[in-house]
Amino acid sequence: MAGIDLASALIAAAIFAGTPLLIVALGELITERSGVLNLGAEGMMAMGAIAGFAAAYHSGSAVLAVLAGALAGIACALIFGLLAISLLANQVACGLALSIFGVGLAAFVGKPYEALSLTAVPAWPLPVLSDIPLVGPALFQHPPIVYVSWLLLAAVIIFLHHTRAGLVLRAIGESPAVAHQSGYPVIAVRYLATIFGGAMAGVGGAFLSVFYTPLWAEGMVAGRGWIALALVVFATWRPARVLLGAYLFGGMLIAQLFVQGSGLEWDIPSQWLSALPYLTTIVVLVLISRRPELIRLNSPVSLGRVWRPDN
Amino acid sequence: MTSRRNLIQQAAGLTGASMLPFAAQAQNAGPIKVGYVYVSPIGDAGWTFQHDLGRREMEKSLGAKVQTRFIESVPEGADAERVIRELAQSGHSVIFGTSFGYMNFMERVAKQFPKVAFVHATGYKRGPNLGTYNARFYEGRYLTGLVAGRMTQSNILGYVAAFPIPEVLQGINAFTMAARSINPKVEVRVVWVNSWYDPGKERDAANTLMAQGADVVTHHTDSTAVVQAAQERGRYAIGYHSDMSKYGAKAHLTAATHHWGAYYIRTINEAIAGSWKPGSLWGGFKEGMVKLAPLNPAVPGDVRERIAKIEADLTAGKFHPFSGSILDQDGKERLGAGKTMDDNTLNSMDYYVQGVASRLPKK
């Protein structure tokens, strides 16, 4: 019984650790599918983290915190959109700038909040489901935002592959010129996709500061924005694989901590242990996505290229 | 390479034209200017916070005689050298670098500015104008180990640690020996997060340890995440660097805290008087650099008495946590009975003592 409890506690921790990556990567996936490469996830997450923390601290409401995180992310995404979509600046440069700017600005506005802490958001066990042994405590005893992330995944899959709007989005990512000739509003769709990506990055940041740690500290995003970006690429722009990658990463992170604590014979340098989540995630995703024709099929052809209506 | 070095030396010779002692320029120019280089944001608790507390204490004590400047979040790379040199160039007579990774940069800049006093925390390189200072963190760890050993019900203690270097291993081993001196059934489980500062990962590590049965957790990292995680789970935690009780009043048993103010005051007074010499202080309870935060009301009287006794002995220099005999994890004797470990041996520690249940990852 104790073993089962431990196993479900570990799976639950892995899912919890993977959730911010899942949310951010799904947002970025939609952005990239429209042909826009926004590398600013780290900065947008930092802004979402401080906005979410401040909102939670003043209002006591986790819902408002998530909304504030999303708004902060949207504000960052709009700056990026203005530069990279409207003014046709280089997307890579703008994204990198947004990353640096967001992390710095979040540290600046966050100064007064460094001393403070929040009480953790309690879990919402789902009725019936949470009583299943092993699976129940592992999957169905989380704060509600974890369930929301699953709904988000379903929504992204349905939107991308089963709706007309999703088809338009993908068409724009493939060839904005053709989509434009066919009468679709390329710029508007790219803005919406970028805004969605920003909102999700902000929510992911708010998840870190309100649900995960829960505290605000400078540099607390600690590279998770970059991991989310990498997940999208290694998952070859497929939402279900993003989920796999995010949970695999979370799982390896928790597993290596667990093995260290368990006192098992351990003959691996500690740096390898820390690298393990990254390595495993990349290797697994590369293996399952290794067919080049599928990668070509899924990767948005116009990704990262500037486009304007008159060319 | 040689020609470039010569050039730098010539340049340094030009800037440091006169060979006055350290203090002279300070007296001529009004208040003595003192610079601090911090590795992380000051925040509200932790390593850098304690150094800044010391800086403010020094400023308060010396008043108009001193003018301080600090630069936070300076990474341990080429940026550090630029920042340190900038401080030296802008007339700072004493420069404190408070992170191990600044060592080589401080050494290099110190050679270029022979009139400026460089003081480096936790390093081991010294020079004619480069001194070092450090605290015997393991002394505080020993006392917190007594508390943990007394308070655990499950006999499993969790330890979230940053990097397997001697300083961290001294802490783990002192903590373990103290806990077992009070409760021989205790085992300590260590998880390395390979980062000084990553609240998310520290929290995950603490939660993993608690899922494995640890009911008292402590950490050798910089954030307050471990204390908060314990508070949420209704377990106990022991803070580090700062009193972290406001992050978990119920969970926080005590903390090993570090205090630099007195040292900073003394150093600057020496610099003003012109009597500063590069030293290599490694201070503990005796020097007031290491202290124990107030104990949680849940800690019973018997262990309080024992702690008070050992604290008095540490302060008087009558007790050393690393006194023989000490056996490592594999049963090998590392220190003979009746002996006390010398500083060089302490600073090359690379093993766990008996009672640590985890295996040490290879470096």
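This is a predicted model: local features need pLDDT of at least 70, side-chain atom pairs count only at pLDDT 80 or more; totals for chains, interfaces and linings use all residues.
A residue counts as buried here if 20 or more other C-beta atoms lie within 10 Å of its own C-beta atom.

**Overall form of chain B**

- Chain B contains 12 helices and 14 strands, and its C-alpha atoms fill a box of roughly 65 × 40 × 40 Å when this is taken along the principal axes.
- For 363 residues a compact globule would have a radius of gyration near 21 Å, and the 22 Å found for chain B agrees with that expectation.
- Of the 363 residues in chain B, 52% are buried.
- Among the contacts in chain B with a separation of 6 or more, 65% are accounted for by residues 24 or more positions apart.

**The two domains of chain B**

- Domain 1 of chain B is made up of 2–135 + 260–283, and domain 2 of 137–257 + 322–346.
- The C-alpha centres of domain 1 and domain 2 of chain B lie 32 Å apart, and eight residues of domain 1 are in contact with nine residues of domain 2.
- On the side of domain 1 of chain B that touches domain 2, the largest share, three residues, comes from helix α3 (residues 47–62) of chain B.
- The residues on that side of domain 1 of chain B divide into five nonpolar, three polar and no charged.

**The contact between the chains**

- Chain B gives 34 residues to the contact and chain A gives 36 residues.
- On the side of chain B that touches chain A, the elements that give two or more residues are β7 (187–192), α8 (199–211) and α9 (225–233) of chain B.
- From α8(B) come nine residues, the largest share of the side of chain B that touches chain A.
- By type, the residues on this side of chain B divide into 14 nonpolar, 11 polar and nine charged.

- In strand β4 (residues 117–121) of chain B, five of the five residues are buried, so the strand is largely enclosed by the rest of the structure.
- Strand β3 (residues 94–97) of chain B runs parallel to β4(B) and is joined to it by four bridges, with B:I95 standing opposite B:F118 in β4(B).
- Strand β6 (residues 156–161) of chain B has six of its six residues buried, and it is therefore largely enclosed by the rest of the structure.
- Both faces of β6(B) are covered, with B:I156, B:G158 and B:V160 buried on one side and B:L157, B:Y159 and B:A161 buried on the other.
- In a regular strand the side chains alternate between the two faces of the sheet.
- β6(B) pairs with β7(B) in the parallel sense over six bridges, and B:G158 stands opposite B:R189 in β7(B).
- Helix α7 (residues 166–182) of chain B has 17 residues and reaches 24 Å from its first C-alpha to its last, close to the 24 Å expected at 1.5 Å a residue.
- α7(B) is mostly covered, with 13 of its 17 residues buried.

**The surroundings of B:L253**

- B:L253 belongs to strand β10 (residues 252–258) of chain B, and it is buried because 25 other C-beta atoms lie within 10 Å.
- When neighbours within four places in sequence are left aside, the residues in contact with B:L253 are B:V147, B:M151, B:Y236, B:A237, B:I238, B:L295, B:N296 and B:V299.
- B:T218 is 35 residues from B:L253 along the chain, and their C-alpha atoms are separated by 10.0 Å.

**Backbone exceptions**

- Most residues other than glycine have a negative phi, and most peptide bonds are trans.
- B:G324 and B:S325 are joined by a cis peptide bond with omega of about -5°, and B:S325 lies in the loop between α11 (301–316) and β13 (326–327) of chain B.
- B:N155, which is not a glycine, has a positive phi near 60°, and this residue is placed in the loop between α6 (137–151) and β6 of chain B.
- With 16 other C-beta atoms within 10 Å, B:N155 is partly exposed.
- A:W237 also has a positive phi, about 60°, although it is not a glycine, and it is found in the loop between α10 (224–234) and α11 (239–262) of chain A.
- A:W237 counts as buried, with 24 C-beta neighbours inside 10 Å.

Definitions and conventions:
Residues are numbered from 1 along each chain as its sequence is written. Chains are lettered from A and ligands numbered from 1 in the order in which they are written. Domain bounds come from an automatic or database domain assignment. Two residues are in contact if their C-beta atoms, placed from the backbone, lie within 7 Å. Ala, Val, Leu, Ile, Met, Phe, Trp, Tyr, Cys and Pro count as nonpolar, Asp, Glu, Lys and Arg as charged, and the others, Gly among them, as polar. The expected span of a helix is 1.5 Å times one less than its number of residues. A residue is buried if 20 or more other C-beta atoms lie within 10 Å of its own, exposed if 12 or fewer, and partly exposed in between; C-beta atoms are placed from the backbone. The radius of gyration is taken over C-alpha atoms; the globule rule is 2.2 Å times the number of residues to the power 0.38. Two strands pair if DSSP finds at least two bridges between them.
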